[in-house]
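Reader: I'd like to go through this one with you and ask what stands behind each label. Shall we have a look?

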Amino acid sequence: MEKTAVESVCEELVFARFFKAHAKVLHNFLYYKFGNEAQAADAAQEAFIKLWENCENVPLEKARSYIYTVANHSSLNVIAHQKVVLEYAKVANPMRHTSENPEFILEEQQFKIKLERAIQNLTESQRTAFLLHRIDGKKYTEIAEMLEISVKAVEKRIHGALVSLRLEIENIK
Amino acid sequence: MKEQHDLAKWLEGKMTESERAAFEKTAEFALYGKIKMYSDDLKTPDFDADLMFEKIVRRPKAKPVVQMKTNRFLRIAAVLVVGLGLLLVYNTFSETSVLAQNGKTETFLLPDDSEVTLNSGSEIHYQKFGWNKKRSLKLDGEAYFKVIKGKTFDVNTNLGKVTVVGTQFNVKARRQRFEVTCFEGKVRVQNHSENVLIAKGERTTFESGKKINSIPVTSQKPQWLQNELAFNADKLSAVIAELERVYNVSIQPENVDLDEKFTGTIPSNNIGLALQIVSSAYHFEYFQNKKLIVFRHR
């Protein structure tokens, strides 16, 4: 307790630890929002720079909500949304690859493509919530904090996302 | 539908056993299962967090740092300005002192450019503020003045006061001896009993407040400025004191009559000759060990 109270974001080590813990997720969060890699990186960097420059005024425990607030505000300036391009991890769960059936692999490939397209067609709010959960493993409470909305609203978005995805994939079929 | 956010619950693994069993029986479950499974493998394009970190931290913390520097600089500057201001005020209002230590003379200018040369072991106090309205200073010892024409110029000593308008004169106020020599213009000399006006080339001398004969003025400047020490019926003690001041030495008289008078001139830049003259005039011998000199009756 005492230690966290003393720790200042202005100390480079503290800032570095905080950055390591949150940079990737913030970056992803912005990427889901913008669908643009460069813009996401810029906005994430901007948020951390603001934190670094204002480190004296932001206690460590408030730092996370600070960067998301900055990020949420910066997103207001972005007009055009681009497609979110995702990748599939190369080393997939080996459990699922016990059968080397080529037909199965082909089907799997096709499904993956469909899923990706469906994700691209989600609304921005659904996609952000869904991907923060799926890719970044964030809990609904954490997502609610990041988006500055209620947990119920997050659940609604996740549910909506799943329904949309299913419909989209079925339609393509 | 009651299952408003049920899928969210399921995705999070928060469905109850029975809820899940029911859900797994639905037609859509298979597809949701696939969505869940494959979305698990998704990842975002690689992102170089280290590079970004370097960019953020190595970025000169431009605004705040520069501001801090400016602030600090301004603070220092402000302190200096205030300090200098106070010093100026202090200098102007406080008394200014000039001291010529033993063995040295000191020449300086007063605020109106009047020139003062202090003989060894002499001191002047004056106030810079309002100097041009009231030219007045305090002298302890001997000094030569070249006064710029203007308002009256007062030299105050323990033994009397000298008032001039614009002139060159020497004031000597040592022990009981008060002597004023005028080299140019006119000088008014006052002590508790007398009030004399002397003109160029004149001199007035007091010993213990009484007027005594003066030696005629033969030079254009005080003799001490020409490396000569002139004495006029001065007591030996006064001569010794003058030697001590001018040569910055310490003189110990032994078996010597300190009240015996001395009249004459001795050099102020040749201690050997000066000691020889004095000792032969009084018939005593002297011993010198660096800065210490002993006078002993023969």
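This is a predicted model: local features need pLDDT of at least 70, side-chain atom pairs count only at pLDDT 80 or more; totals for chains, interfaces and linings use all residues.

Reader: What makes residues 87-88 of chain A a paired strand?

Author: Pairing takes at least two bridges found by DSSP. Strand β1 of chain A has 2 bridges to β1(B), so the two count as paired, and they run antiparallel. In that pairing, A:Tyr88 sits opposite B:Leu42.

Reader: Which elements of chain B touch chain A?

Author: Let's start with the contact itself, which takes 37 residues from chain A and 31 from chain B. On chain B's side, the elements giving two or more residues are α1 (6-12), α3 (29-39), β1 (42-43), α4 (49-58) and α5 (62-93). That side divides into 16 nonpolar, 11 charged and 4 polar residues.

Reader: How do you know which part of chain A to treat with caution?

Author: By pLDDT, the predictor's confidence on a scale from 0 to 100. Chain A has a mean of 82, with 83% of its residues at 70 or more. Over residues 1-5 of chain A, though, pLDDT stays under 50, and the model has 2 contacts there beyond four places in sequence.

Technical notes. Residues are numbered from 1 along each chain as its sequence is written. Chains are lettered from A and ligands numbered from 1 in the order in which they are written. Two residues are in contact if their C-beta atoms, placed from the backbone, lie within 7 Å. Helices (H or I, at least four residues) and strands (E, at least two) are DSSP runs, numbered from the N terminus. Ala, Val, Leu, Ile, Met, Phe, Trp, Tyr, Cys and Pro count as nonpolar, Asp, Glu, Lys and Arg as charged, and the others, Gly among them, as polar.
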